[in-house]
Amino acid sequence: MAFWDFLRPLTQQAIELDFYTRIVVFILSMALLAISVLAFKRSKSNKFLFVSIAFFLFALKWALKIADLFFSPGEFFHRAAENVMELLILASLFIAVFKK
C-alpha cells in the first residue's frame, strides 16, 4: 500500500465534481473581476488596473477550461497554455503589489 492511497477516494470525488467546480470557480472569478473593475473605476489606481487584469485572465482561463470539456478534452486548452496564463496572472498581481 502506497503512502498516498488514502487520497484516491478524494481524487475520485474531485473528478466527479470537476464540471461543477469549474463552473463555480468561473462564476466567482467573474464576480471578483466585476468588483475589481468597479474599484478601478472609482479610484483610477493602476494597482486596481493590474488586479483587474489578473482577474480577467483568471476568468478567461476558467472559461477556456470549461470549453475544453466540450471541444476535444485535454487538447483544446493544453496544460502548457494554462501555465502561461498562470504566469501572466502572477505577473499582473506582482505588478499590482509592487507598483508605486
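Which residues of α2 are buried? In this predicted model, they are R22, S29, L33, S36 and A39. The close-up views below start with that helix and then move on to a surface patch.

**View 1. The helix α2 from end to end.** Helix α2 covers residues 18–43. Let's check its length: at 1.5 Å a residue, the 26 residues of α2 should span 38 Å, and the C-alpha atoms at its ends lie 37 Å apart, which agrees.

**View 2. The buried residues of α2 and their cover.** Here you can look for R22, S29, L33, S36 and A39, the buried residues of the helix. Among the elements that cover them is α3, which runs over residues 46–70.

View 3. S36 sits in helix α2. Its relative accessible area is 5%, and because buried means under 20%, S36 counts as buried. Leaving aside residues up to four places away in sequence, S36 touches F48, V51, S52 and F55.

**View 4. A nonpolar patch on the surface.** Now turn to L17, F19, Y20, F70, F71 and F76, which form a nonpolar patch on the surface. Together they have about 680 Å² of accessible area.

View 5. Where is F76 found? F76 lies in the loop between α3 (46–70) and α4 (79–98). With a relative accessible area of 42%, F76 is partly exposed, since that label applies between the buried limit of 20% and the exposed limit of 50%.

Terms used: Residues are numbered from 1 along each chain as its sequence is written. This is a predicted model: local features need pLDDT of at least 70, side-chain atom pairs count only at pLDDT 80 or more; totals for chains, interfaces and linings use all residues. Side-chain values use heavy atoms; hydrogens and water are left out. Patches are made of residues with over 30% relative accessible area and no salt bridge: like charges are joined within 9 Å, nonpolar side chains (Val, Leu, Ile, Met, Phe, Trp, Tyr) within 5 Å. Accessible areas come from the Shrake-Rupley method with a 1.4 Å probe; for residues, only the protein chains shown count as cover. A salt bridge is a side-chain nitrogen of Lys or Arg within 4 Å of a carboxyl oxygen of Asp or Glu. Helices (H or I, at least four residues) and strands (E, at least two) are DSSP runs, numbered from the N terminus. Buried means under 20% relative accessible area, exposed over 50%, partly exposed in between (1.4 Å probe, protein chains only). Contact means heavy atoms within 4.5 Å. The expected span of a helix is 1.5 Å times one less than its number of residues.
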